Amino acid sequence: MPARGLYTEAARLQRLNWLRSMTRSALDSLQHTRLDADKLTGNIEGLVGTVEIPVGVAGPLLFCGTNVQGEVYAPMATTEGALVSSATRGALAATMAGGVSTRAALQAMTRAPVFAFSRLAGAGRFASAILQHLGDLRTIIRQVSHHAALISIEPVVLGRTVHLRFRYTTGDAAGQNMTTACTWHACQWILQQPHLVADEELESFIIEGNTSGDKKASAQAVAEGRGIRVAADCLLPAGVVQRVLRTTPDELVTGYQHITAGAVHSGVLGSNANTANIVAAIFTATGQDIACVHESSVGQFILERTRDGIYASMTLPGLALGTVGGGTHLPTQHELLKAMGCTGRGSAVRLAEIIVGFALALDLSTVSAAVAGHFADAHERLGRNRPPRRNSTEQRLGIPSPLTADKPQPVPVLRPASEAGP
């Protein structure tokens, strides 16, 4: 590939022309890009162009959270029709019911190197001794990064190997690269300590032994969290369920129970309708590491019948996200983060609460559509290449049509049954 390692517009075009000659394709859509090639060091290699993804706006959703309050609109980058409309419908229901409560419980990013010894005895001695040097390792890590803080180290002995699970806090950064660098330097110090790793005992060392859960859904991450653990809940009166979600509390909870039973039977981690849609759409719009959607979209959706309606909650145990680093500095991604108030100190937990709130809204809408028999119809209307139609219920509730979304719409008001018209 020509111009290897060069981050200039001329180098990009040179590579693009080379790719055209290699593939015998015109690739006209890659000719122009609004991104500055010289600002993409650390984000991409062999740059030839960019891919444009549609961004829709869902909401508003009313938040009563620890780190976010008030109405929020969420940008979603997706090519799946019906996603934004469904999230907006769920957000409308939750907002009419008083909003969602959200709370980010903890943040932890892990990296897990593996040390292979000749025999179990050497592995056992190493695992016992390493915990005595936690202070030394914290000193080394502070010299590598001012943002990463080592919380703990957990040695896991598997035969003659020891997996060291380093757990960090990483501020407003997702921290995968940060923790990799910190762990690497910590391990270099370990390898220089003969009382920890004698040459005749240690056979090999690898920076990641695949027990951290990086970019993989795992039961360990569900239980312990990797990234930001965050939850949301709301109470929906029966009237809101009927008018906005077009089902009844009993039907909704019964359908949820069937879906949960199916998840248990098939061995799904967690149980939800489609949290991956929200995580992927907001991750893409805000410059996150999209590969982390796999681990970040594991979620536990819960519905319970109450005397007056339903209780709903969503827990995402490991959102691997940040508001600094990665692609968050790119112009559009940064603007969308700023529009949600997710820039500056402490903004990563705010973004996590926004994502879990909209994940709850989407699952409410999706499960409602499924149990009411509207799921396929919605995708027929909005998810295929045909003009969307509005049904009479949407018109009566004042839910905006995609064709008139730019026009001011009346806010539906839930009236007592005695005042409601026919």
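Helices (H or I, at least four residues) and strands (E, at least two) are DSSP runs, numbered from the N terminus. This is a predicted model, in which local features need pLDDT of at least 70, side-chain atom pairs count only at pLDDT 80 or more, and totals for chains, interfaces and linings use all residues. Residues are numbered from 1 along each chain as its sequence is written, and side-chain values use heavy atoms, with hydrogens and water left out.

**Exercise 1. Backbone exceptions**

Solution. 
1. Most residues other than glycine have a negative phi, and most peptide bonds are trans.
2. P60 belongs to strand 1 (residues 55-64).
3. A82 is not a glycine, yet has a positive phi of about 85 degrees. A82 sits in the loop between strand 2 (69-77) and helix 2 (83-96).
4. The loop between strand 7 (202-206) and helix 6 holds K215.

**Exercise 2. The surroundings of M340**

Task: Determine where M340 is found and which residues M340 touches.

Solution. 
1. M340 lies in the loop between helix 11 and helix 12.
2. M340 is buried because its relative accessible area is 2%.
3. Leaving out residues up to four places away in sequence, M340 touches Y73, A74, P75, T286, R350, L351 and I354 (contact means heavy atoms within 4.5 Å).
4. A74 is 266 residues from M340 along the chain, and their C-alpha atoms are separated by 7.1 Å.

**Exercise 3. Helix 8 against helix 12**

Task: Describe how the axes of helix 8 and helix 12 cross and which residues make the contact.

Solution. 
1. The axes of helix 8 (residues 249-266) and helix 12 (residues 347-372) come within 9 Å and cross at roughly 100 degrees. Axes are lines fitted to C-alpha atoms, for helices over the stretch in contact, and angles run from 0 to 180 degrees between N-to-C directions.
2. Helix 8 is therefore roughly perpendicular to helix 12 (angles under 35 degrees count as roughly parallel, over 145 as roughly antiparallel, 65 to 115 as roughly perpendicular and the rest as oblique).
3. Helix 8 contributes E251, L252, G255, Y256 and I259, and helix 12 contributes V367, S368 and V371.
4. By class, this contact has five nonpolar, two polar and one charged residues. Ala, Val, Leu, Ile, Met, Phe, Trp, Tyr, Cys and Pro count as nonpolar, Asp, Glu, Lys and Arg as charged, and the others, Gly among them, as polar.

Technical notes: Buried < 20%, exposed > 50% of the residue type's maximum accessible area, 1.4 Å probe, protein only.
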